[in-house]
Amino acid sequence: MFAGFAVQAQPVRVLSPDGKVTAVISDEGGVLAYRVSMDGKSILDPSPLGMNTNGIDLGAGVSINKTHRGKVAERYPFHGGKAWADNHANTAKLFLSSNGVAFEADVHVANDGVAVRLRVPALAGRKVEADGSGWNLAEPDPKIWATEFGPEYENTYAETTLTKLSDKAYGLPLTAKVSGFWVNLSEAAVVDYGDSSVHLTKEGTLATRLYADPNGWSTDQAVIQPWRVTIIARDLTGLVNSTLVQNLNPPPSAELAEAKWIRPGRSSWQWLAIGDPLENDQHQWVDWTHQLGFDYYLIDDGWAKWTTPWPSLVDTVQYARQQGVGIWVWVHSQDVSTPAIRKALFKRFADIGVAGVKVDFPAPTNREWSNWYADTARDAAAEHLMVNFHGASKPTGTERTWPNVLTREGVRGHEWHITRYQRKLTADHDTILPFTRYVAGPGDYTPTVFETKELQGNSWAHELAQMVMFTSPYLSMGGHPQTYLSNPGLDLLKAVPATWDETIVLPGSEPGKVAIMARRSGSNWFIAAINNGEARDMELSLGFLKKGTWHMVELDDDPDKPDAYKRLERPVASDQLIRLTMRSRGGFIARVRKEAK
């Protein structure tokens with residue numbers, strides 16, 4: 001680790017470790033701004049970095065007084081699309097002043113992007129009034145894949161362009177194509193600060209807005225703005241493999257980092273299939289879970305209405321333990337809203353052997369609720385409980401600090417694609433998600449439904465590919481176990497893991513049209529493709545495989561009906577091309593294993 005002070009020579013220029021990404025922070029005209037480039041090409045034009053506090057705009061009347069430079073170099077285990085996360089960056093701390101207020105800016109420049117934030121010292125009764133940050137994309141009208149904002153983060157993603165954005169609020173993360181690069185915008189480490197949406201200003205800035213804190217808040221503590229994150233990638237593989245959002249969060253304690261009770265896995269779940277859980281069939285659900293080889297069974301909303309809820313819950317947990325199945329239990333955020341009731345309920349769950357909790361319906365994430373997420377994760381960790389936040393705000397990498405938080409919703413998933421509420425997902429949404437929402441962190445999509453009437457245009461191959469495509473270390477499956485056990489693709493379904501060692505986005509992928517990934521677990525590869533509303537024929541290279549002969553089991557779309565596959569088993573090699581013929585809203589999935597010598 002090297003760090004040192006330097007006499008300020010404005011503007012401040014920070015390079016990534018590989019020298020390809022540059023961030024320049026300036027105070028020209030008293031305006032605090034940053035710009036970003038990669039390979040010498042502009043990604044962000046001067047973009048605002050600011051905060052309004054006690055009637056002062058800290059982004060105006062600014063002077064950069066001193067710079068302290070440093071480096072970050074670390075590697076840590078990762079639960080998601082790859083086994084390890086690398087955090088290598090050059091950093092700078094800028095000592096600033098504005099209208100008599102001394103404060104600091106942090107700059108983090110990695111090979112995959114740039115992050116900036118402000119830090120304001122503690123002051124009794126300080127009022128944080130608004131955020132003044134944003135992004136100015138370095139093209140006049142780049143293509144964008146964005147979602148209209150909702151505090152539950154469950155709206156559809158669609159392709160548009162910057163100038164076509166309306167005066168509505170939009171959610172982060174969003175992805176743009178700028179100067180030939182894939183650029184994902186988001187924020188990291190939203191703790192003790194309100195969550196942000198963005199809106200397009202008349203000047204063309206994607207400006208942050210504290211949607212849940214319109215009147216701000218008062219605090220006696222230091223104010224640390226969440227990181228404003230710009231991920232940059234030359235290709236889609238680089239985009240989906242970025243861990244910049246997680247890297248910007250503090251590491252876990254040594255105890256949590258080494259905790260054996262934090263175990264990613266696959267879970268059965270009854271709500272999407274049948275609604276409320278039935279008190280008299282819980283052993284049956286455990287049996288189905290065991291037959292599928294899944295790790296967990298989630299008892300969702302409705303269990304508290306059973307005739308004898310706690311005794312029946314205890315009985316189910318004990319029976320499941322005999323089958324090698326862990327139990328997760330749903331709770332409303334109101335049931336864990338204060339420290340006292342939260343700690344008491346978590347202790348009661350832990351005492352009977354519950355493995356994890358699904359916490360649903362938190363309020364929109366103002367500053368108070370951002371702290372609730374951290375407090376809930378901390379209290380759950382104290383009782384060795386894993387967590388799935390539902391109805392939740394977007395991920396901001398805090399799962400690095402609290403690795404017991406395996407996933408969260410914050411995504412329009414299969415709960416939307418359901419006939420009993422007459423809801424159907426748009427055809428392109430699934431093809432956009434891997435390159436937008438999932439860049440920021442895991443999401444509880446609750447994938448893979450095989451019941452014919454619930455397909456609503458999707459094919460079986462599309463549905464099974466969701467299980468591979470949509471990363472969630474707690475992989476809660478939406479379909480009824482009976483439809484899994486009777487499906488011709490059962491062998492592939494049972495083999496798909498909840499986490500991966502390596503992820504590659506294959507050529508031909510394009511957000512809004514088709515998403516194709518190869519993901520490795522151990523020595524086995526899975527290939528998954530998800531198609532939009534247009535039937536498509538493609539050739540796919542197996543060049544990601546090592547030399548030698550491999551055995552591939554593939555499930556293609558049946559051209560005659562969505563609820564069937566064309567199954568093929570054959571030897572393949574890395575120099576081969578395979579052909580994908582996908583229906584409208586179709587897909588493809590394959591398992592590739594090395595043949596024994």
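Start at the largest pocket, which has a volume of about 820 Å³. (On a 1 Å grid over the protein atoms alone, a pocket is an open set of points where a 1.4 Å probe fits, with protein on both sides within 12 Å along at least five of seven lines; lining residues have an atom within 4 Å of a point. The volume is the space filled by probe spheres set on the points, joined across faces, edges and corners.)

This is a predicted model: local features need pLDDT of at least 70, side-chain atom pairs count only at pLDDT 80 or more, and totals for chains, interfaces and linings use all residues. Residues are numbered from 1 along each chain as its sequence is written, and side-chain values use heavy atoms, with hydrogens and water left out.

Now select R117, A189, W227, L248 and P250: of the 49 lining residues, these lie nearest the pocket's centre. Next pick β8, which gives the most to the lining, with 6 residues. (Strands are DSSP runs of E, at least two residues; helices are H or I, at least four; both are numbered from the N terminus.)

Move on to helices α6 (309-322) and α7 (339-352), whose axes come within 9 Å and cross at roughly 45°. (Axes are lines fitted to C-alpha atoms, for helices over the stretch in contact, and angles run from 0 to 180 degrees between N-to-C directions.) Show W310, L313, V314, V317 and R321 in α6, which meet L345, R348, F349 and I352 in α7; contact means heavy atoms within 4.5 Å.

Last, colour by pLDDT, the predictor's confidence in each residue, from 0 to 100. The chain's mean is 97, and 98% of its residues reach 70 or more.
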